[in-house]
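Could you walk me through this chain, from its strands and helices to the residues around its ligand? Here is the model to look at, with a tour to follow.

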Amino acid sequence: MIPVTMLLTGDDMAFSPLFKRRKTTPVRCGSVAIGGNAPVSIQTMTKCDTRDIDAVVREIRQAVSHGADIVRVAVPDKEAARALEAIKKQVQCPVVADIHFDYKLALLSLEAGADKVRVNPGNLGGKERLITVAGMARAKGAAIRLGINSGSLEKDILEAYGAPTPEAMVESARRHLAYLEDAGVEDIVISLKSSSAKDTIGAYMLMGQFTNWPFHIGITEAGPGLHGRIKSAAGIGTLLALGLGDTVRVSLTGPSYEEVEVAKQILQSVGIRVFGPDMISCPTCGRTQVDLASIARQVSDALKGMTVPLKVAVMGCPVNGPGEAKEADIGVACGRDGGILFSRGKVLGRVASEEIVPALVRLAREYAESPEGKN
Ligand code: SF4
């Protein structure tokens, strides 16, 4: 067997063994720690007008109820910055102010209680303004995110590299990071985003060699529907596998709570965090004699909201199904007239077709109440 580390050793880049998280200095963002040994947190960004305080509060609460740890809001003007004070009083989670162009909006947001400000140094207006914002963040006990975006790199860097390459993004990040570190600023989070998953991965891999500050990861403007989800999963999943992520935001053209759900799925799929049951169901084939898609969907819907780390297998035939069903915590191998139920690797017996879903749900609830489920 070839050791994983050998598979990952490139000629020109020092790779980490898979899933070995990069060592970072933890940064506080309100009640949530980013980096260090803190769990990889989930972020999203509200889509409504930040000046509409009730709408923002509603959206933040909805995102949190779906599992968001931190929520960011756009601050395009002074009214939006001032709204943060009222918003902060009505929500429990840390709130991040998203700033472009106007550094004064960052200062106002920090005055209003933002737990972190995300600035894009490429459009903030220079070193002095960046240091002013970072100084205020420090005075307020807030964090600052250097949000490097491939679309707004400095002119001289673009000229030197000819395009917004990963190296160009890292050059920009290092330049601004040096400004902050020279000024004694701490509590810095870094992001290097491009709409290309490949460039994003390259940029974080490179930047990981130069700093210990935590990384906020995501694929920016990933797009709508399936496209956005797959692009995000590929990019974020790869970064997490390389140990290069401390907080995650999935950017979708869709509701913020969906971004949170997708982020949770990605984190759970790569085994970084567990939020609930893990559904395994076979792809079906010519041996399948039941409507497996419907059974799998019904079981998945019935287990929604359950937070127990439980492996549930729904398999389509009694030929190959039992193997996988036995490996799971609970499972069923379906046949023409019913299914064979399994629990913790043992056969429990046969159930009629109409009993498959209720029986699995009952087993899942029993598991949740058992000492294993409560661990
Ligand atoms: S478990 Fe059975 S039905 Fe499902 S894909 Fe495998 S062989 Fe086909």
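Strands β14 (residues 338-343) and β15 (residues 346-352) run antiparallel and are joined by 6 bridges. Strands here are DSSP E runs of at least two residues and helices are H or I runs of at least four, both numbered from the N terminus. Two strands count as paired if DSSP finds at least two bridges between them. One of the bridges links G339 to V351 in β15. Together β14 and β15 make a hairpin with 2 residues between them, and R344 in the turn has a positive phi of about 50 degrees.

A word on the model itself. It is predicted, so local features need pLDDT of at least 70 and side-chain atom pairs count only at pLDDT 80 or more, while totals for chains, interfaces and linings use all residues. Residue numbers start from 1 along each chain as its sequence is written.

Next comes the open sheet. Its 8 strands pair in parallel, in the order β8-β7-β6-β5-β4-β3-β10-β9. β8 (188-193) and β9 (216-217) stand at the edges with a single partner strand each, so one side of each has no neighbour in the sheet. In general, strands of a sheet pair through backbone hydrogen bonds.

A residue is buried if 20 or more other C-beta atoms, placed from the backbone, lie within 10 Å of its own; 12 or fewer make it exposed, and values in between make it partly exposed. Contact means that two such C-beta atoms lie within 7 Å.

| Helix | Buried residues | Cover includes |
|---|---|---|
| α3 (residues 78-90) | A80, A81, A83, L84 and I87 | α2 (53-65), β4 (70-74), β5 (95-99) and α4 (103-111) |
| α8 (residues 197-207) | A197, D199, T200, I201, A203, Y204, M205 and M207 | α7 (166-182), β8, β9 and α9 (225-241) |

Helix α8 is mostly covered, with 8 of its 11 residues buried. Helix α3 has a kink of about 30 degrees centred on L84; the bend is the angle between axes fitted to the seven residues ending at a residue and the seven starting there.

Which residues are around the ligand? They are C282, P283, T284, C285, R287, T288, M315, G316, C317, V319, N320 and G321, each with its C-beta atom within 6 Å of the molecule. This shell has 6 nonpolar, 5 polar and 1 charged residues. Here Ala, Val, Leu, Ile, Met, Phe, Trp, Tyr, Cys and Pro count as nonpolar, Asp, Glu, Lys and Arg as charged, and the others, Gly among them, as polar.

C282 sits in the loop between β11 (278-281) and α11 (292-302). Why is C282 buried? Because 20 other C-beta atoms lie within 10 Å. Beyond its neighbours within four places in sequence, C282 is in contact with L292, M315, G316 and G321.

Finally, the whole chain. It has 14 helices and 15 strands, and 45% of its 375 residues are buried. An automatic or database assignment sets the domain bounds, giving domain 1 (4-269) and domain 2 (278-374). The centres of domain 1 and domain 2, taken over C-alpha atoms, are 39 Å apart. The C-alpha atoms fill a box of roughly 75 × 55 × 35 Å along the principal axes.
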